[in-house]
Structures are given as C-alpha cells and as structure tokens.
Amino acid sequence: MRREISLNINGTLHTATVPDRMLLVQFIRDVVGLKGTHIGCDTGHCGACTVIMDGVAVKSCLILAVQADGSNVMTIEGLSKEGKLDEIQEAFRDEFAVQCGYCTPGFIMLLHSLKLRGVGMSDDDIKDALVGNICRCNGYPLILRAARRILGRRQVG
Ligand code: FES
Ligand code: FES
C-alpha cells in the first residue's frame with residue numbers, strides 16, 4: 001500500500017506518495033534528501049536518527065513516515081539560521097565534542113529538544129537524558145561538557 005503524506009520539515013512542506021512501511025528516517029533522507037539525519041542501528045538503540053517532531057525528540061527509525069503525516073519535523077539542517085551555527089553546534093565545536101561525527105546530529109537534536117523545555121539540569125539529569133544516544137568514539141566526556149554549557153546553566157534549586 002502507498003499513501004500520500006505531507007510533512008513540514010524545517011519550515012518547508014514536503015508531499016509525497018510513499019509505501020506504508022517507509023520509515024520517517026528514510027523519508028527524510030531518501031525522499032526529502034536531507035542526509036544529516038543518520039541511520040546507525042535502525043532499531044531504536046543508538047539515537048543517530050534523532051529529530052524533533054512536534055517539539056519532542058524522537059528516533060525517526062522507530063516511526064513510520066505515514067505516522068508522521070501532518071507533523072512538523074526539525075532536522076539538524078533546520079538548526080542553523082542564515083549560515084550561523086546554533087549555540088549547541090557552537091558548543092560541540094568549542095568543546096571538541098565531535099570525533100567521527102556520526103552520532104553528532106542525533107545528540108544535538110536531543111539537546112535542542114531539552115533546551116526547548118527550558119529546564120535546568122544537573123550533570124546526572126543530563127547523563128540520564130543522553131542514555132538513549134550512543135557515541136561509538138566514546139566522546140561522552142566532551143559531549144557532556146558541551147551539553148552542560150547549554151543545559152547546565154539554568155540550574156534549578
Ligand atoms: S538509527 Fe534510529 S536509534 Fe539507531
Ligand atoms: S563522534 Fe564518532 S560516534 Fe560519536
């Protein structure tokens with residue numbers, strides 16, 4: 001079965017007729033052509049495919065494209081504005097939190113979703129939040145430093 005779906009991705013409406021079994025990550029990469037959302041495990045374990053759907057971070061390999069019909073999706077390509085890096089991207093650059101970079105878009109989109117919530121986070125909170133994203137290069141200490149710059153400064157009592 002194929003169905004016509006329309007998704008707003010990074011502010012642009014994309015309409016296509018897709019197979020029912022197509023994953024959201026495949027729609028983003030293969031139909032829309034945005035390759036910044038990576039496929040790692042394809043089973044919901046690594047977080048490389050994390051995007052923001054209607055304000056919430058989701059693993060786009062766990063969602064069918066047809067389930068995302070009518071939603072607003074933000075990918076890593078939607079984060080920088082007018083060629084200027086977002087502050088999370090700047091933090092990753094400044095803290096050298098990127099090695100091979102394969103996991104990086106997923107981490108950044110997850111952190112962006114946490115930032116949207118506007119809550120202060122302790123280091124333990126941040127570690128708990130990042131548990132679903134895997135870095136095969138073991139860049140966790142530097143990723144934590146970058147995350148702390150964005151999320152740790154709004155400490156709550
Ligand atoms: S590719 Fe989606 S969680 Fe790994
Ligand atoms: S930087 Fe290589 S997987 Fe994270």
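Biologist: In which sense do strand β3 and strand β4 pair, and over how many bridges?

Modeller: This is a predicted model, and in it β3 (residues 50–53) pairs with β4 (residues 56–59) in the antiparallel sense over four bridges. Valine 51, for example, stands opposite valine 58 of β4. Methionine 53 has valine 56 as its bridge partner in β4.

Biologist: How many residues lie between β3 and β4 in the hairpin?

Modeller: Two residues lie between the strands of this hairpin. Aspartate 54, in the turn, has a positive phi of about 50°.

Biologist: Which residue of β5 does methionine 53 stand opposite?

Modeller: Methionine 53 stands opposite valine 73 in β5. The strands β3 and β5 pair in the antiparallel sense, over two bridges.

Biologist: And the faces of β3, are they covered or open?

Modeller: Both faces are covered. Thr50 and Ile52 are buried on one side, and Val51 and Met53 are buried on the other.

Biologist: Where does asparagine 10 lie, and where is glutamate 82 found?

Modeller: Asparagine 10 lies in the loop between β1 (2–9) and β2 (12–19). Glutamate 82 is found in the loop between β5 (72–74) and α2.

Biologist: Why does asparagine 10 count as partly exposed?

Modeller: Asparagine 10 counts as partly exposed because its relative accessibility is 29%, and that class lies between the 20% and 50% limits. Glutamate 82 is exposed, with a relative accessible area of 87%.

Biologist: New topic. Which residues have the most contacts inside the largest nonpolar core?

Modeller: They are Phe92, Phe107, Leu111, Ile126, Leu130, Ile143 and Leu151, in a core of 24 residues. The helices α2 (87–94), α3 (104–117) and α5 (140–151) each supply at least two residues of this core. There is also a second, separate core of 19 residues, which includes Leu7, Leu24, Val32 and Ala68.

Biologist: Which helix holds histidine 112, and is that residue buried or exposed?

Modeller: Histidine 112 is found in helix α3. It counts as buried because its relative accessibility is 9%, and buried means under 20%.

Biologist: What is histidine 112 in contact with, leaving aside neighbours within four places in sequence?

Modeller: With those neighbours set aside, histidine 112 is in contact with Ile52, Met74, Leu79, Asp86 and Ile88.

Biologist: Now for isoleucine 39. Where does it lie, and what does it touch beyond four places in sequence?

Modeller: Isoleucine 39 lies in the loop between α1 (24–31) and β3. Not counting residues up to four places away in sequence, isoleucine 39 touches Val25, Arg29 and Tyr102. Isoleucine 39 counts as partly exposed, at 29% relative accessibility.

Biologist: Which loop is glycine 132 in, and what does it touch beyond four places in sequence?

Modeller: Glycine 132 lies in the loop between α4 (123–129) and α5. Apart from residues up to four places away in sequence, glycine 132 touches His45, Cys46, Gly47 and Lys59.

Biologist: One last topic. How many cavities of 30 Å³ or more are there, and what is the volume of the largest?

Modeller: The count comes to one cavity of 30 Å³ or more. The largest cavity has a volume of about 50 Å³.

Biologist: Which residues line it, and of which classes are they?

Modeller: The largest cavity is lined by Ala97, Val98, Gln99, Cys100, Gly101, Tyr102, Cys103, Thr104, Cys135, Cys137 and Gly139. By class, this lining has seven nonpolar, four polar and no charged residues. Tyr102, one of the lining residues, is also touched by isoleucine 39.

Technical notes
Residues are numbered from 1 along each chain as its sequence is written. Chains are lettered from A and ligands numbered from 1 in the order in which they are written. This is a predicted model: local features need pLDDT of at least 70, side-chain atom pairs count only at pLDDT 80 or more; totals for chains, interfaces and linings use all residues. Side-chain values use heavy atoms; hydrogens and water are left out. A nonpolar core is a set of buried Ala, Val, Leu, Ile, Met, Phe, Trp, Tyr and Cys residues joined through side-chain atoms within 4.5 Å. Buried means under 20% relative accessible area, exposed over 50%, partly exposed in between (1.4 Å probe, protein chains only). Contact means heavy atoms within 4.5 Å. Two strands pair if DSSP finds at least two bridges between them. On a 1 Å grid over the protein atoms alone, a cavity is a set of points where a 1.4 Å probe fits but cannot get out, and a pocket is an open set with protein on both sides within 12 Å along at least five of seven lines; lining residues have an atom within 4 Å of a point. Grid points are joined across faces, edges and corners, and a volume is the space filled by probe spheres set on the points. Ala, Val, Leu, Ile, Met, Phe, Trp, Tyr, Cys and Pro count as nonpolar, Asp, Glu, Lys and Arg as charged, and the others, Gly among them, as polar.
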